Amino acid sequence: MAWIVLVLSGLLETAWAIALDRSAGFSRPLPSAVFAVSLVLSMAGLAYALRDIPVGTGYAVWVGIGAVGTALVGMLALGESASLPRIGCLFLVVAGVVGLKIFH
């Protein structure tokens with residue numbers, strides 16, 4: 001269960017990062033509210049998962065999921081560069097996250 005919560009919390013990290021960008025410095029109410037709610041839920045899920053998963057592994061997986069998810073949303077929906085080197089680097093992050101899970 002802890003790993004499921006950790007993955008969901010990582011996805012919520014993507015949500016709050018995108019909402020933070022869209023909030024325009026907290027000047028737009030809806031993205032600001034999405035940011036606040038998703039941030040709290042993401043942190044709560046991380047805290048829950050860390051009860052059973054070592055902090056180094058849990059935090060690295062959480063950050064990795066959030067970083068890859070945010071970069072993918074940027075590339076697929078927000079017009080950010082989707083160059084081959086950038087995609088390759090994302091695969092390396094995913095490989096690291098998978099490795100941390102396998103060798104946990």
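Visitor: At what angle do α3 and α4 pack?
Guide: In this predicted model, the axes of α3 and α4 lie 9 Å apart. The angle at which the two helices pack is about 155°.

Visitor: How are α3 and α4 oriented to each other, roughly parallel or roughly antiparallel?
Guide: Their packing angle is about 155°. Angles over 145 degrees count as roughly antiparallel. Therefore α3, relative to α4, is roughly antiparallel.

Visitor: Is the crossing of α3 and α4 left-handed or right-handed?
Guide: The pair meets through residues including Val61, Ile65 and Val68 in α3 and Leu90, Val94 and Val97 in α4. The contact residues divide into 13 nonpolar, two polar and one charged. The crossing of α3 and α4 is left-handed.

Visitor: How far apart are the axes of α2 and α3?
Guide: Helix α2 covers residues 29-49 and helix α3 covers residues 55-77. They pack at an angle of about 150°, and α2 and α3 are therefore roughly antiparallel. The distance between their axes is 10 Å.

Visitor: In which helix is confidence lowest?
Guide: The chain averages a pLDDT of 96, and 100% of the residues score at least 70. Confidence is highest in α2, at a mean of 98. The lowest mean, 93, belongs to residues 84-102, helix α4.

Technical notes: Residues numbered from 1 in each chain as written. Predicted model: local features only at pLDDT ≥ 70, side-chain atom pairs only at ≥ 80, totals over all residues. Heavy atoms only, no water. Axes fitted to C-alpha atoms, helices over the stretch in contact; angles between N-to-C directions. Helix = DSSP H or I, 4+ residues; strand = E, 2+ residues; numbered from the N terminus. Parallel < 35°, antiparallel > 145°, perpendicular 65-115°, else oblique. pLDDT = per-residue confidence, 0-100. Left-handed = near helix turned anticlockwise from the far one by under 90°. Contact = heavy atoms within 4.5 Å. Nonpolar A, V, L, I, M, F, W, Y, C, P; charged D, E, K, R; others polar.
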